[in-house]
Amino acid sequence: MKTVVLVFHPDLNTSRVNRALAAGLPAEIEVRDMYQLYPDFKIDVAQEQAVLADADRIVLQFPMYWYSSPALLKQWEDDVLEYGWAYGSKGDALHGKELVIAVSPGADNYDRDKFAKYHVTELLRPFQATSRLIGTKFVKPFITVGASTIGKEQLEQQVQAYATYLTQATLPVLGDFE
Ligand SMILES: Cc1cc2nc3c(=O)[nH]c(=O)nc-3n(C[C@H](O)[C@H](O)[C@H](O)COP(=O)(O)O)c2cc1C
């Protein structure tokens, strides 16, 4: 089981949560700091496709920005998930692999009776729909809510939980409307 974590954080040096989550992963998990690799947004598509082809479990890790992701992740999708490779009648390169979203919303108000209204999983629907298109298994996302104010102890627990989650032999797959 080969796991690769693509971290999309504009500046991991100033990050508290995503840096800690990535740093707590065991050495056998490859972590790629995508903004460091591609500060100019010019993604090496062949290289990134090779990384994905080689992995069984693909993790997209990022802080929630504007109820979505930082911009480089969108660019990565636009460039790397090519027609005829990731989707289309001959595009089966990612079929059967696991896709894990690991997102950290700064706020903790993602519920019907709270300000943000929508559950985080609802806001992740574009990723779930994309997963369906590219034939990956959409694993139950790993969500760190309240990332802007999370306490030291709680962050340490979350770091441990993340490492445990990503090293599990099998992960739960999210239902279409969960
Ligand atoms: C440009 C920008 C947009 C953000 N948008 C959201 C948002 O829509 N919802 C939210 O809960 N937090 C939002 N945040 C807060 C970040 O999600 C939070 O700072 C981050 O998850 C903390 O992780 P880090 O310590 O790794 O940077 C935003 C932060 C920035 C800088």
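This is a predicted model: local features need pLDDT of at least 70, side-chain atom pairs count only at pLDDT 80 or more; totals for chains, interfaces and linings use all residues.
I'll start with the annotation. An unreviewed UniProt entry places a domain, "Flavodoxin-like fold", at residues 1–165. In the model, the chain over that range is 36% helix and 16% strand.

Now the ligand. There are 17 residues around the ligand, and the ones that come nearest are Ser 15, Met 64, Tyr 67, Ser 104 and Tyr 110. By class, the shell divides into 10 nonpolar residues, 6 polar and 1 charged.

Which atoms of Ser 15, Arg 16 and Val 17 face oxygen atoms of the ligand? For Ser 15, an N or O atom of the side chain sits 2.7 Å from a ligand oxygen. With Arg 16, a backbone N or O atom is involved, at 2.8 Å from an oxygen of the ligand. Val 17 also uses the backbone: a polar atom there is 2.8 Å from a ligand oxygen. As for cover, the ligand on its own has 640 Å² of accessible area, and the protein covers 72% of that.

Last, Gln 158. This residue belongs to helix 7, which runs over residues 152–166. Is Gln 158 buried or exposed? Its relative accessible area is 18%, and the cut-off for buried is under 20%, so Gln 158 counts as buried. What does Gln 158 touch, leaving aside neighbours within four places in sequence? The contacts are Leu 21, Phe 142, Ile 143 and Thr 144.

Terms used:
Residues are numbered from 1 along each chain as its sequence is written. Side-chain values use heavy atoms; hydrogens and water are left out. Helices (H or I, at least four residues) and strands (E, at least two) are DSSP runs, numbered from the N terminus. Buried means under 20% relative accessible area, exposed over 50%, partly exposed in between (1.4 Å probe, protein chains only). Contact means heavy atoms within 4.5 Å. UniProt positions are given in the numbering used here, feature names are shortened, and annotations may be inferred rather than shown by experiment. A residue is near a molecule or strand if one of its heavy atoms lies within 4 Å of it. A polar contact is a pair of N or O atoms within 3.5 Å; within protein, one must be able to donate a hydrogen and the other to accept it, and residues adjacent in sequence count only if both atoms are side-chain atoms. Accessible areas come from the Shrake-Rupley method with a 1.4 Å probe; for residues, only the protein chains shown count as cover. Ala, Val, Leu, Ile, Met, Phe, Trp, Tyr, Cys and Pro count as nonpolar, Asp, Glu, Lys and Arg as charged, and the others, Gly among them, as polar.
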